[in-house]
Amino acid sequence: EKNGLQATLAANGRDMRAVLERVTPDLIVLDIMMPGEDGLVLCRELRSSRLRTIPVLMLTARDEEADRILGLEMGADDYLAKPFAVRELLARIRAVLRRARMLPPNMQVTEAAQMLAFGDWRLDTTERHLLDADNTMVALSGAEYRLLRVFLDHPQRVLTREQLLNLTQGRQADQFDRSIDLLVSRLRQRLRDEAREPRYIKTMRSEGYVFSAAVTVIEAR
């Protein structure tokens, strides 16, 4: 608490579920190497539960790229490799919390809109979920929502991986950072977008990505 944060500890998945029955945290930090059910399994469970919008920070072993990739695919918002200093963990926690509480500053055009339409989809910006043509709800993680909002605010414009990482997570990409590619892949799945012939998110070779659909702001009545 001396750092302005209050933590509740859980030794395993069972303890975590018991804690989440009592409190709704602002952030969940998951260690992949947990006894019993590991952090990847628990992250996937969280993303399909009522707590799916709570940001998740995944702690991974050094040099275990496969763990980092799986964590992002399961819905983690960010990851931190071991070993790390306490100050680094606190900084990453605050960064994830900051991203969860406020939209990136680039989202000015669509910020006040309650509903954004593109193709067969509508994005409810109040509830932060997608609605398809049949009005069926498709849930989004916090990271998926932020990425989609960036695309919707910059339609038909090429955005580099570095720009996307900075706009959605507020940090710079290193040479081997694949988090944006994984996040784009997850978002394509939500939009039922074929990677080989995408309708919405197109890959621009050696450049980045472009959201190719037109975006319409639906005014609140």
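Which residue forms a salt bridge with Asp77, and how far apart are the closest N and O atoms? The partner is Arg146, and the closest N and O atoms of the two residues are 3.4 Å apart. A salt bridge is here a side-chain nitrogen of Lys or Arg within 4 Å of a carboxyl oxygen of Asp or Glu. Arg146 lies in helix α5 and Asp77 in the loop between α3 (65-74) and β3 (78-81), so the pair ties together parts that are 69 residues apart in sequence. Arg146 counts as buried, at 4% relative accessibility, and Asp77 is likewise buried, with a relative accessible area of 2%. Buried means under 20% relative accessible area, exposed over 50%, and partly exposed in between (1.4 Å probe, protein chains only).

The structure is a predicted model, in which local features need pLDDT of at least 70 and side-chain atom pairs count only at pLDDT 80 or more, whereas totals for chains, interfaces and linings use all residues. Residues are numbered from 1 along each chain as its sequence is written, and side-chain values use heavy atoms, with hydrogens and water left out.

The protein contains seven helices and 11 strands; helices (H or I, at least four residues) and strands (E, at least two) are DSSP runs, numbered from the N terminus. Of its 221 residues, 45% count as buried. Among the contacts (heavy atoms within 4.5 Å) with a separation of 6 or more, 56% are between residues 24 or more positions apart. The protein exposes about 12500 Å², of which carbon and sulfur atoms supply 47%; accessible areas come from the Shrake-Rupley method with a 1.4 Å probe, and for residues only the protein chains shown count as cover.

In total, 11 salt bridges were counted. One of them joins Arg17 and Glu37, with the closest N and O atoms 2.7 Å apart. Arg17 lies in helix α1 (residues 13-22) and Glu37 in the loop between β1 (28-31) and α2 (39-47), so this pair ties together parts that are 20 residues apart in sequence. Arg17 is partly exposed at 29% relative accessibility, and Glu37 is partly exposed at 32%. A further salt bridge links Arg190 to Glu144, the closest N and O atoms being 3.2 Å apart. Since Arg190 belongs to helix α7 and Glu144 to helix α5, the pair ties together parts that are 46 residues apart in sequence. Arg190 counts as partly exposed, at 28% relative accessibility, whereas Glu144 is buried, with a relative accessible area of 1%. Salt bridges that share partners also join Arg17, Glu37 and Glu45 into one network.

Four aromatic pairs are present in the structure. Rings of Phe, Tyr and Trp (its six-membered ring) pair if their centres lie within 6.5 Å; planes under 30 degrees apart count as stacked, over 60 as edge-to-face and the rest as tilted. Phe151 and Phe211 form a stacked pair, at 6.0 Å centre to centre and with 25° between the planes. Phe151 lies in helix α5 (residues 142-153) and Phe211 in strand β10 (residues 208-211), so the pair ties together parts that are 60 residues apart in sequence. Both Phe151 and Phe211 are buried. The rings of Tyr200 and Phe211 have centres 6.2 Å apart and planes at 20°, so this pair is stacked. Tyr200 is buried, as is Phe211. Phe118, Phe151, Tyr200 and Phe211 form one aromatic cluster.
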